[in-house]
Amino acid sequence: MSEVNDECPREHEQTDLSTLDPNSAKDVVGGIKPTPDTFKKPQLIIGPQRGKNSKNLNKLCRILKEDTKEEQDKTNINQEVQDSIEILEEKKEDEDKLISSQLKPSASKTILPLPYKEPEWGGLPLHQYKLEELKSGTIVKTIDLTKRSFWVFGRLEHCDIPMLHPTVSRYHAVLQYREVGTETCEPGFYLLDLDSSLGTFVNKQKLRPHSYTRVKVGYVMKLGCSTRMFILQGPEEDEEPESDLSVSELKQQYQDKLKALEAERAQKLVEEEERIKREEERGIDWGMGEDADEETDLTENPYAVTQNEELYLEDPKKTLRGWFEREGEELVYDVEEKGFGHFICRIELPVDNGGGGNLVAEASVKGKKKEAVAQAALEACRLLDRQGLLRQATHESKKRAAKDWEAVDFYDSDEDNFLDRTGQIERKRQQRMAQSGKLESTVETYDTLVDKYKAVVKELERTENKLNDMLSLATQNDRRGGDEDELDAYMSTLKQASSDKIEIKKMKVEVTRLRSEEEKVRRLVNLARPTEL
């Protein structure tokens, strides 16, 4: 009986431990609902537990640990959210302070003065004017221009119309209204470019700096490379009147304007030429005038820099080669390799150095061989220039001597008509004779052409007859060789067979040439035939 009483409290104690989670009704064992104060301090059970109750206890312990971890995670998340909110509030306060400090003018920050002074003829607009600001084809802002007499465009904040584009200058342009008109300038708005970096444009035309340009209603203004456009809106009286001219008349007017500009430019060139001519007619002062420049005394300082380097600095090798050709000397580059990538180039100039020898230009270069040659040529040009020999007016280029063709019978040195089977060499000889005037040119008439035609026809008949005889002879030899023994026929015709073929081929070529000649002369005879015939 006592054993039963001992087990009952233990079972009840196990039932109480099974209700560790007060929010879960599924974990209740034995139908007893736990209270929140029951498991504030979990009890430890010493000893192994057996049966179904021990499994439930392990499950409840795991659930308790997971719930405790979730509560800690929630607490951590709430703490992180609170910290991030505090950080954002601090950043917002700092930004507000920075903006307020920027808006307040500080004593240390100096404002650049406006490089513009309103003229006396300026004043407030008498009519209603507006300025439309467009971006990407849509009107972004409309500015009322009747409040002020001039409006400043620029990148600074205190400008009347500020622009944040980097190509816009700090003070870019001024739109000024003219209240009082004159004979040449009518009242209205004028745009002035304040010497901006990338210019101001009105109707795609760039304005000159510090020059007022009339801006009428409907004109489009652009600043720098900004895509924003400003269009002036106002009364119809200030609009540009439409032209009554047609398209062709407008083109003609534009052409006339271009011609006038060309004539003006030509007139300026003529005046400049006349001015230069008058200066030349005054004569030469031979360096004795008041404005004469003192020349460098090269005898005292032979290495002084002269003013003629632009003549040979671009291509010194070509300049030096031309000087040697004018002197009739041979240009030789003496290049010596001192080491790996180290070259020394020397050029001996045919100029006396005052000691019985010649001037030598030398250059030592660590690099390529052609660099050493170019540097030596440059040094040689400098030496010649210091001596006053590089650009002498008395130097004349040596002309190539004309070849005396008549002395060699109008044949070139490598031409030989003995081996020429085409007649090309003889035709070249005839051309040279005709160019030198040694070949008498005859005028062909109808009678001479008829005689020439008869001669060509006669020659053609003779050549054709000869060719036919040779062909018939070759045919007879072939037939005769059929009756004889093959070996005997071959041996008898061995020597003459090759020569006959060559002669037949030549005769065929000659017949072809004569036929073309006959056709050509016949056409000339028909062209020169008199009308009486």
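How many residues apart in helix 9 are Arg-522 and Glu-518? The structure examined here is a predicted model. In this model, Arg-522 and Glu-518 are 4 residues apart in helix 9 (residues 494-528), and they are therefore separated by about one helical turn. Their side chains meet in a salt bridge, with an N to O distance of 3.2 Å. Arg-522 is partly exposed, at 36% relative accessibility, whereas Glu-518 is buried, with a relative accessible area of 14%. The value for Glu-518 falls in the buried class because that class covers residues under 20% relative accessible area.

Side chains of opposite charge can pair when their charged atoms come close. In the model as a whole, the count comes to 17 salt bridges. One of the other pairs lies in helix 3 (residues 247-281), where Arg-265 and Glu-262 are 3 residues apart and thus separated by about one helical turn. The closest N and O atoms of this salt bridge, between Arg-265 and Glu-262, are 3.0 Å apart. Arg-265 is partly exposed, at 45% relative accessibility, and Glu-262 is also partly exposed, at 48%.

Six strands, in the order 2-1-11-10-7-8, form an open sheet with antiparallel pairing. The edges of this sheet are taken by strand 2 (138-144) and strand 8 (205-206), each of which pairs on one side only. Strand 2 pairs with strand 1 (residues 130-135) in the antiparallel sense, over 6 bridges. Within this pairing, Lys-130 has Asp-144 of strand 2 as its bridge partner. A salt bridge joins the side chains of Lys-141 and Glu-133, at 3.8 Å from N to O. Lys-141 is partly exposed, with a relative accessible area of 40%, while Glu-133 is buried, with a relative accessible area of 5%.

A further open sheet has 5 strands in the order 4-3-5-6-9, and its pairing is mixed. Strand 4 (161-162) and strand 9 (212-215) stand at its edges; each has a single partner strand, so one side of each is left without a neighbour in the sheet. For strand 9, antiparallel pairing with strand 6 (residues 188-193) runs over 4 bridges. The bridge partner of Tyr-190 in strand 9 is Arg-214. Arg-214 also belongs to a network of salt bridges, which links it with Glu-186, Lys-216 and Asp-238.

Charged residues also gather on the surface. A patch of negative charge there consists of Glu-80, Asp-83, Glu-86, Glu-89, Glu-90, Glu-93, Asp-94 and Glu-95. Of these residues, Glu-90 is placed in helix 2 (residues 52-103). Glu-90 is partly exposed, with a relative accessible area of 49%. This value meets the requirement for patch residues, because they must have over 30% relative accessible area.

Ile-77 is partly exposed, at 49% relative accessibility.

A patch of positive charge on the surface is formed by Lys-317, Lys-318, Arg-321, Lys-368 and Lys-370. Helix 4 (residues 316-327) gives the largest share of this positive patch, with 3 residues. Lys-370, by contrast, lies in helix 5 (residues 369-386). At 57% relative accessibility, Lys-370 counts as exposed, because the exposed class begins over 50%.

His-342 is placed in strand 13 (residues 342-352) and is partly exposed, at 22% relative accessibility. His-342 and Ala-372 are 30 residues apart along the chain, and their C-alpha atoms are separated by 8.8 Å.

Terms used:
Residues numbered from 1 in each chain as written. Predicted model: local features only at pLDDT ≥ 70, side-chain atom pairs only at ≥ 80, totals over all residues. Heavy atoms only, no water. Patch = residues over 30% accessible without salt bridge, like charges linked within 9 Å, V, L, I, M, F, W, Y side chains within 5 Å. Areas by Shrake-Rupley, 256 points an atom, 1.4 Å probe, with all protein chains shown as cover. Salt bridge = Lys/Arg side-chain N within 4 Å of Asp/Glu carboxyl O. Lys, Arg positive; Asp, Glu negative; His and termini not counted. Charge placed at Lys NZ, Arg CZ, Asp CG, Glu CD. Helix = DSSP H or I, 4+ residues; strand = E, 2+ residues; numbered from the N terminus. Buried < 20%, exposed > 50% of the residue type's maximum accessible area, 1.4 Å probe, protein only. Pairing = 2+ DSSP bridges.
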